[in-house]
Amino acid sequence: MTIFGLGYATRLGLNIFFGAVVLCIYTPIFVMIIFSFNSGRYQTLPFREFTTDWYARMLFDQNFIDGLGNSLIIAIVVSISATILGFLAAYAFQRAEFPAKSMALGLLLAPLAFPLILVGIGMRLQATSLGLQPGLWLVAMGQTIYVLP
């Protein structure tokens, strides 16, 4: 029996390709995690000795703690605001009938067609031209727009 009309050899080839892609993506991450327990200044083999000193330094670094707190605040605010806005938009487009419905839906989904780095740069330039100072609220607004579509 075939799945999606693909033969056994094709599925095997796709599975091998998928495995190779996953391996290429995640291997550097796992290597860095393993090397993070090396006490040497440079990450070379063989290991000098096992240590968790890098993690201890990180947990007591005030910049790290401040950044983690800011990230958690942004994550909570963005999750709640994007969920509410996404629900309201979906509900409105499902229930409402208005003449420019397809055009409005196209405008709402337009950011998906642009590279997100360009959207971010555009938002930054627009905020600067309006005289807005960078802050957590501006980051939260940008992240909400990023996750909405």
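Student: Let's start in helix 3: which residues are buried there?

Tutor: Happy to begin there. In this predicted model, the buried residues of helix 3 are Ile-74, Val-78, Ala-82 and Phe-93.

Student: How should I read the spacing of residues along a helix like that?

Tutor: The general idea first: an α-helix has 3.6 residues a turn, so residues three or four places apart point the same way. Here, Ile-74, Val-78 and Ala-82 are among the buried residues of helix 3.

Student: What covers the buried residues of helix 3?

Tutor: The cover includes helix 4, residues 101–109, and helix 6, residues 136–147.

Student: How far does helix 3 reach from its first C-alpha to its last?

Tutor: Helix 3 takes in residues 62–95, 34 residues in total. Its end-to-end reach is 49 Å, close to the 50 Å expected at 1.5 Å a residue.

Student: What does the C-alpha trace span along its principal axes?

Tutor: About 70 × 60 × 25 Å.

Student: And what share of the residues counts as buried?

Tutor: Of the 149 residues, 9% do. The protein exposes about 12,000 Å², and carbon and sulfur atoms supply 73% of that area.

Student: What part of the contacts comes from residues 24 or more positions apart?

Tutor: Taking contacts with a separation of 6 or more, such residues account for 31%.

Student: Let me pick a single residue. Is Ser-129 buried or exposed?

Tutor: For this, recall that exposed means over 50% relative accessible area. Ser-129 has 56%, so it is exposed. Its place is in helix 5, residues 116–129.

Student: What kind of peptide bond joins Leu-45 and Pro-46?

Tutor: As background, most peptide bonds are trans. The bond joining Leu-45 and Pro-46 is cis, with omega about -5°. Pro-46 sits in the loop between helix 1 (8–35) and helix 2 (53–59).

Conventions: Residues are numbered from 1 along each chain as its sequence is written. This is a predicted model: local features need pLDDT of at least 70, side-chain atom pairs count only at pLDDT 80 or more; totals for chains, interfaces and linings use all residues. Side-chain values use heavy atoms; hydrogens and water are left out. Buried means under 20% relative accessible area, exposed over 50%, partly exposed in between (1.4 Å probe, protein chains only). Contact means heavy atoms within 4.5 Å. Accessible areas come from the Shrake-Rupley method with a 1.4 Å probe; for residues, only the protein chains shown count as cover. Helices (H or I, at least four residues) and strands (E, at least two) are DSSP runs, numbered from the N terminus. The expected span of a helix is 1.5 Å times one less than its number of residues.
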